[in-house]
Amino acid sequence: MHRGRLITVEGIDGSGKTTHIDHIHTYLEQQNISVIRTREPGGTEMGEALRDILIRRVDLAMHAETELLLMFSARMEHLQKRIRPAMESGTWVVIDRFIDATYAYQGGGRGVSMDRIRLLENWVLNGLEPDLTILLDLPVEISLARTKAREQARDRFELQDREFKHTVREAYLERARQNPDRIRIVDASAEIDKVKQEIWKTLDMLVEKEHDRI
Ligand SMILES: Nc1ncnc2c1ncn2[C@@H]1O[C@H](COP(=O)(O)OP(=O)(O)OP(=O)(O)O)[C@@H](O)[C@H]1O
Ligand SMILES: [Mg+2]
């Protein structure tokens, strides 16, 4: 049996990750591919508890490197308990944010050294790389307009200023420039249906390759 593929979906708030992960999940199931969807930080009981601290607890001040370490703690748990076992059993895994988000938010946004992040990546991921990353790219102004309409209280990252969000977007784009074969940039300001078509085209290619493997 071949190992399951790993697909990650990245982008700033309101770029459409949740919307399109629903579509990706449905699409893969229609192709008779066994698939699970999950998110970071989170995806395990422990990870979700850390997510609460990292995202919801706006009252907690935290050093940027503490934030980085907690993100990787949640990721280690996620990899050990869910991602690797699923992939090893042939199941595909679709994640709402993964390693590139760390480079974008903690590296770009918070200014933690990229070398430190790489050090932790080497340890925790141990060579694992997503097979495909969809980067939903969106100007900060549109992101703010989309998230403003929400009822939910704003989280620790949503509370950051425009400049922070802009830096995160730029760091994501830089990751895409450095990993052109893996990261597919999709214009997330286009209409939902157009974005969906774009993603499907990319997925078709991956699924075709999969059929060639069998
Ligand atoms: N291409 C689009 N055009 C217009 N509106 C969109 C588009 N994509 C998503 N939206 C809307 O923007 C809002 C945010 O989308 P969604 O929740 O999927 O983003 P997200 O990336 O998951 O955000 P978060 O990071 O905050 O979870 C939703 O109301 C969604 O319907
Ligand atoms: Mg979402």
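## Polar contacts of ligand 1

A polar contact is a pair of N or O atoms within 3.5 Å. In this predicted model, Asp13 meets that cut-off with a polar side-chain atom 3.4 Å from an oxygen atom of ligand 1.

Nitrogen atoms of ligand 1 also take part. A polar backbone atom of Ala188 is 3.5 Å from a nitrogen atom of the ligand, and a backbone N or O atom of Ile192 lies 3.5 Å from a nitrogen atom of ligand 1. Of the 630 Å² of accessible area that ligand 1 has on its own, the protein covers 71%.

## The surroundings of ligand 1

Where does ligand 1 sit? Ligand 1 is placed in the largest pocket. Around ligand 1 there are 16 residues, and the closest are Lys17, Thr18, Thr19, Arg150 and Ala190.

Sorted by class, the shell around ligand 1 holds 7 charged, 5 polar and 4 nonpolar residues. Helix 1, which spans residues 17-30, gives the most to this shell, with 3 residues.

## Salt bridges

Side chains of opposite charge can pair when their charged atoms come close. The count for this model comes to 22 salt bridges.

One of the salt bridges joins the side chains of Asp22 and Arg37, with 2.3 Å from N to O. Asp22 belongs to helix 1 and Arg37 to strand 2 (residues 35-39), so this pair ties together parts that are 15 residues apart in sequence. Helix 1 therefore holds Asp22 of this pair, and helix 1 also gives 3 residues to the shell around ligand 1.

Methods. Residues are numbered from 1 along each chain as its sequence is written. Chains are lettered from A and ligands numbered from 1 in the order in which they are written. This is a predicted model: local features need pLDDT of at least 70, side-chain atom pairs count only at pLDDT 80 or more; totals for chains, interfaces and linings use all residues. Side-chain values use heavy atoms; hydrogens and water are left out. A residue is near a molecule or strand if one of its heavy atoms lies within 4 Å of it. A polar contact is a pair of N or O atoms within 3.5 Å; within protein, one must be able to donate a hydrogen and the other to accept it, and residues adjacent in sequence count only if both atoms are side-chain atoms. Accessible areas come from the Shrake-Rupley method with a 1.4 Å probe; for residues, only the protein chains shown count as cover. On a 1 Å grid over the protein atoms alone, a cavity is a set of points where a 1.4 Å probe fits but cannot get out, and a pocket is an open set with protein on both sides within 12 Å along at least five of seven lines; lining residues have an atom within 4 Å of a point. A molecule sits in a cavity or pocket if more than half of its atoms lie within 2 Å of its grid points. Helices (H or I, at least four residues) and strands (E, at least two) are DSSP runs, numbered from the N terminus. Ala, Val, Leu, Ile, Met, Phe, Trp, Tyr, Cys and Pro count as nonpolar, Asp, Glu, Lys and Arg as charged, and the others, Gly among them, as polar. A salt bridge is a side-chain nitrogen of Lys or Arg within 4 Å of a carboxyl oxygen of Asp or Glu.
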